[in-house]
Amino acid sequence: MSKGARVRQQRVQAPQKRGGRRIKTPQPPGQTGSRRNLYLGVLGAVVVLAAVLVGASVLSSGGSSSSPKTVSISSVGATNKLLAGIPQNGIELGSPNAPVTMQEFADIQCPGCDQYMRSAFPDIVRKYVRPGKVRIEWKGISFLGPDSEKGLRYVNAAGEQNKLWNVAELLYRNQGTENSGWVTNELLRSVGEAVPGLDADKVQANVNSSAVNRKMADAANEFTTFGLNSTPGFAIGPTGGTLQVFNPSAYSVDAFAPTFEKYVKQSR
Amino acid sequence: MSDRTLRVAICVLAAAGAAIAGYLLYERWTGGPLVCATGGCETVQNSRYSKIAGVPVALLGLLAYTGIFVTGLLRTELARAIGAALAVSGLAFALYLVYVQNSKIHAWCQWCLASDAILAVLAVLTVVRLLREPEPVAVAAPAVAAPRRR
């Protein structure tokens, strides 16, 4: 091939870019294989990386360990939203400086308590607890059966991490049939894990602690002292003062409001 | 779409993803409340699936987005390959976490879903960038002597 022919062939194979200064180099035959190897390498890396991440997550979350599995529970978002940002200290919900204190005596299994928690509690929280007018103390009672005590112990143990109200509210929102065995380890685990900032393992470890036993005994004593014989029971009064038994005419915020307002006015 | 456009899009999306992961990580370490329309962000953030061997998933996300961002700045074949590997494996893990939110935690985190959407687009862009022909290599044109007149 003459020199002129080689030059013409080069021009055809490697078209010049604008200006004629740079040209696109043709892909050598060996590069197809090297690109294939590159793609295979990327694919391998993707498979390995994804498998390691998913596997580590499953193992890390206890997916294959003896820790209880979780079950589907409802109202997680609504509960967390309702209670977010409100101070909790043990059995207490609301500002310690609130002028009014209400004690709620409740069994985690009682349908009436569930009705109160659904119908009145959210509005009471929004209108009185969040603005710092009322603080509520949860006095857990266990008299309906084995599920009551199991749930109560878990709720009180969550109080050790100042998350009692989140757990109690979620258990009510997911309440089962009385004494049907609905308070399972799986349910408690699911509730515990759904509460922001709560160490579910620690809660489970503390369900039989002396602090939990003391809380249960104190609540039972006060329940008797007030002469209450059913749940939910309420006692309302000025913070630091004497509380009076309160029997609401209905489970709605309107039934509680006049009593709250009376003590708020007295505190001014 | 030119390689330059692809790289710009990859960098912008990776920066957005890093911002989300950084926000989740910051709130996790400071214990602050998350802005959350879905109501389940904190539930997901505090679940046992939010950490792998003690390392927050948000931190892994931040590292992955940073890596993808850096590969978007580079023009080498290796950078394209690493970017695609990070984005696609990240997307696979993100899909697993969507399953976890739906079936295990029963709560949805809007920030996680936004991050998943970004990862999905990033996976497409980085794979497109990887599959394209390499950019023309800049070499000097062979000096061609003008044919001599006889």
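Two strands pair if DSSP finds at least two bridges between them. Helices (H or I, at least four residues) and strands (E, at least two) are DSSP runs, numbered from the N terminus. What you're looking at is a predicted model, in which local features need pLDDT of at least 70, side-chain atom pairs count only at pLDDT 80 or more, and totals for chains, interfaces and linings use all residues. Residues are numbered from 1 along each chain as its sequence is written, while chains are lettered from A and ligands numbered from 1 in the order in which they are written.

**View 1. The six-strand sheet of chain A.** Here's an open sheet with strand order 1-2-4-3-5-6 and mixed pairing. Its edges are strand 1 (88-89) and strand 6 (244-246), each pairing on one side only. Strands of a sheet pair through backbone hydrogen bonds, either parallel or antiparallel.

**View 2. Strand 3 of chain A and its two partners.** Strand 3 (residues 100-106) is mostly covered, with seven of its seven residues buried (buried: 20 or more other C-beta atoms within 10 Å of the residue's own, with C-beta atoms placed from the backbone; exposed: 12 or fewer; partly exposed: in between). A:Val100, A:Met102, A:Glu104 and A:Ala106 point one way, and A:Thr101, A:Gln103 and A:Phe105 the other. Seven bridges tie strand 3 to strand 4 (residues 134-140), running parallel, and A:Glu104 sits opposite A:Trp138 there. Six bridges link strand 3 to strand 5 (residues 233-238), this time antiparallel; A:Val100 has A:Pro238 as its bridge partner in strand 5.

**View 3. Strands 5 and 6 of chain A.** Three bridges join these two antiparallel strands. Look for A:Ala235, which stands opposite A:Val245 in strand 6.

**View 4. A glycine in helix 3 of chain A.** A:Gly77 belongs to helix 3 (residues 76-83). A:Gly77 counts as buried because 20 other C-beta atoms lie within 10 Å. Its C-alpha atom is separated by 8.8 Å from that of A:Ala194, 117 residues apart along the chain.

**View 5. The largest nonpolar core.** This core has 99 residues, and those with the most contacts inside it are A:Val155, A:Val167, A:Val191, B:Ala87 and B:Leu122 (a nonpolar core is a set of buried Ala, Val, Leu, Ile, Met, Phe, Trp, Tyr and Cys residues joined through C-beta atoms within 7 Å). Helix 4 (residues 77-105) of chain B gives the largest share, 13 residues. Leaving aside neighbours within four places in sequence, A:Val155 is in contact (C-beta atoms, placed from the backbone, within 7 Å) with residues including A:Ile108, A:Gly140 and A:Leu171.

How values were computed. Contact = placed C-beta atoms within 7 Å.
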